[in-house]
Amino acid sequence: MVCACVSILAVVTICIFIFSNAIPAIKEIGFTNFVFGMEWKPKQDLYGIFPMICASLYVTAGAVIVGVPIGVLTAVFMASYCPKGIYKFVKPLVNLLASVPSIIYGFFFLVLVVPIMQKITGTSGKGILTASILLGVMILPTIINTSESSLRAVPPQYFEGAVALGATKERAIFKTVLPAAKSGVLSGIILGIGRAIGETMAVVMIIGNQAVLPDSITSGVRTLTGNIVLEMGYASGLHRKALIATAAVLFVFILIINLCFSAVTRKKDA
């Protein structure tokens with residue numbers, strides 16, 4: 001009970017700090033000007049974060065498109081198809097992938113992937129597409145481990161019953177076992193989305209950091225987290241409060257994502 005209360009207290013304290021600083025700043029700037037404003041120019045007292053909201057959503061969606069299918073299918077392979085000899089080799093590698101610092105991912109993509117994207121797209125190589133691939137790779141361990149654990153928790157009678165009724169192994173897995181584990185799989189996806197939308201340093205290195213609306217998937221953009229880390233070091237006054245308000249918007253986005261997935265899960269269970 002004490003540990004649970006400490007966890008709750010930590011969350012409440014963070015919320016109070018963020019919103020106590022964010023709400024006055026949003027009132028001073030104006031909610032519409034702040035959330036839907038198209039220009040971020042602190043020297044001119046213009047604090048519009050709409051381009052960065054779009055950038056964060058685009059990059060997160062790209063990471064989901066890249067990471068979720070690979071992660072879920074890898075989990076299915078490890079739980080249902082992978083031989084024991086190969087599993088002993090693959091499982092530690094997945095865990096090692098989770099332990100690599102994000103800055104290492106960013107440096108790797110900056111040195112090796114960005115030049116490749118430059119040749120393929122004819123652009124600077126820094127933009128939404130590169131960042132989406134990076135985040136898709138970074139969320140793989142979270143999705144794989146959580147999904148695999150959920151798949152292994154499904155009682156074997158589900159699979160055996162489906163096969164006994166005439167289903168093939170693949171159909172039994174994808175039509176019976178995987179739906180039975182959907183709650184855990186969705187939890188892994190939520191955790192992955194949370195990491196993708198909250199990742200900062202690796203993304204800053206390869207996304208271009210331009211506070212403008214993108215016109216293609218190769219355009220350079222700036223995310224909400226990137227905006228905070230790039231300017232918090234020298235910000236003061238209203239500028240600093242606007243950055244804290246940006247963090248509050250990001251916090252609200254993560255809450256909305258969690259609530260939406262929870263609603264979908266409850267609807268399916270019902």
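# A guided tour of the helices and loops

Begin by selecting helices α3 and α10 (residues 182-198): their axes come within 10 Å of each other and cross at roughly 145°. The axes are lines fitted to C-alpha atoms, for helices over the stretch in contact, and angles run from 0 to 180 degrees between N-to-C directions. The model is predicted, so local features need pLDDT of at least 70 and side-chain atom pairs count only at pLDDT 80 or more, while totals for chains, interfaces and linings use all residues. Residues are numbered from 1 along each chain as its sequence is written, and side-chain values use heavy atoms, with hydrogens and water left out.

**The whole chain**

Display the protein chain as a cartoon: 13 helices and two strands make up its secondary structure (DSSP runs numbered from the N terminus, helices being H or I of at least four residues and strands E of at least two). The C-alpha trace spans about 70 × 55 × 30 Å along its principal axes. Of the 270 residues, 41% are buried (under 20% relative accessible area; exposed is over 50% and partly exposed lies in between, with a 1.4 Å probe and protein chains only). Switch to a surface view: the protein chain exposes about 14,300 Å², and carbon and sulfur atoms supply 70% of this area. Among the contacts with a separation of 6 or more, 73% join residues 24 or more positions apart (contact means heavy atoms within 4.5 Å).

**α3 against α10**

Return to the opening pair and show side chains. On α3, select T60, A63, V64, V68 and V72; they meet V185, I189, I193, A196 and I197 of α10. This contact has nine nonpolar residues, one polar residue and no charged ones (Ala, Val, Leu, Ile, Met, Phe, Trp, Tyr, Cys and Pro count as nonpolar, Asp, Glu, Lys and Arg as charged, and the others, Gly among them, as polar). α3 passes α10 in a right-handed crossing (the near helix is turned clockwise from the far one by less than a right angle).

**α3 against α7**

The crossing of α3 and α7 is right-handed. On the α3 side, select G67, V68, I70, G71, V72, T74, A75, V76, M78 and A79; on the α7 side, they meet L140, I143, I144, S147, E148, L151 and R152. By class, the contact of α3 with α7 holds 11 nonpolar, four polar and two charged residues.

**P141 within α7**

Next, select P141, which is found in helix α7. P141 counts as buried because its relative accessibility is 2%. Leaving aside residues up to four places away in sequence, P141 touches V94, L97 and A98. Then draw a distance from P141 to F174, 33 residues apart along the chain: their C-alpha atoms are separated by 21 Å.

**Two loop residues with positive phi**

Most residues other than glycine have a negative phi. Select D45, in the loop between β1 (40-41) and β2 (46-47). Its phi is near 60°, a positive value in a residue other than glycine. D45 counts as exposed, because its relative accessibility is 53%.

Finish at N209, in the loop between α11 (201-206) and α12 (224-231). N209 is not a glycine, yet its phi is positive, at about 55°. With a relative accessible area of 22%, N209 is partly exposed.

Note on methods:
Accessible areas come from the Shrake-Rupley method with a 1.4 Å probe; for residues, only the protein chains shown count as cover.
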